[in-house]
Amino acid sequence: MDLIPYPVGPLNPKVQDLGYALLVFAAVFLFFRRVLPRMQRVLDARDEATGGTTEQAEAIRARAEEKRAEAEAELAEARHDAARIRQQAFEQGAADIAATRAEGQRERDALLTEGRARIEADFAAAEAELRMSVSELASNLASRVVGERISTPVKPNSGSA
């Protein structure tokens, strides 16, 4: 039995086929009406779980980036401070070396001046002593050369050097 009493070709389905199709459609429709919302809830829960985890991971990553940026800033500041301290220590060391060198030069000059004065005083004393005993030394030397004892004439010191 045809749905339409006129021959329209393949567009004229049989009533039995339409009944079967309607039953199958109703069964599939009811199946998806019951199952599809459950599937959708499961998919939504999964998306929410993964989405929440992704959001948490992004938040953690953002905090980690902030902490890393702060640590890098502190490290850069510490490097700057270390360089400044090294420069100050270098300058202080150079100043200390210059001061120590200047003090050493002063001490050396003082010691040289004192030594020269002492040498000059010792030289003058030795020269005065030798001048006083030159005649005695000359007579001793002459006695050795001649082989006889020669006496030293005593002259009063006139004070001429």
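Because Arg-131 and Glu-127 are four residues apart in helix α1, about one helical turn separates them. Helices here are DSSP runs of H or I with at least four residues, strands are runs of E with at least two, and both are numbered from the N terminus. The model is a predicted one, in which local features need pLDDT of at least 70 and side-chain atom pairs count only at pLDDT 80 or more, whereas totals for chains, interfaces and linings use all residues. Residues are numbered from 1 along each chain as its sequence is written, and side-chain values use heavy atoms, with hydrogens and water left out.

The side chains of Arg-131 and Glu-127 form a salt bridge with an N to O distance of 3.1 Å; the term denotes a side-chain nitrogen of Lys or Arg within 4 Å of a carboxyl oxygen of Asp or Glu. Arg-131 is partly exposed at 46% relative accessibility, and Glu-127 is partly exposed at 33%. In this scale, buried means under 20% relative accessible area, exposed means over 50%, and partly exposed lies in between (1.4 Å probe, protein chains only). Shared partners in salt bridges also join Glu-65, Arg-68 and Glu-72 into one network.

How many salt bridges does the structure hold? The count is seven. Among them is the bridge between Glu-58 and Arg-61, at 2.7 Å from N to O; these two residues of helix α1 are three residues apart. Another links Asp-81 with Arg-84, whose closest N and O atoms are 3.5 Å apart.

Attention now turns to the aromatic rings. Two aromatic pairs are found under the rule that rings of Phe, Tyr and Trp (its six-membered ring) pair if their centres lie within 6.5 Å, with planes under 30 degrees apart counted as stacked, over 60 as edge-to-face and the rest as tilted. Phe-25 and Phe-29 are stacked because their ring centres are 6.1 Å apart and their planes meet at 20 degrees. Phe-25 is exposed at 55% relative accessibility, while Phe-29 is partly exposed at 47%. Phe-31 and Phe-32 instead form an edge-to-face pair, with 5.4 Å between centres and 75 degrees between planes.

Ser-143, which also lies in helix α1, is buried at 11% relative accessibility. Beyond its neighbours within four places in sequence, Ser-143 is in contact (heavy atoms within 4.5 Å) with Glu-148, Arg-149 and Ile-150.
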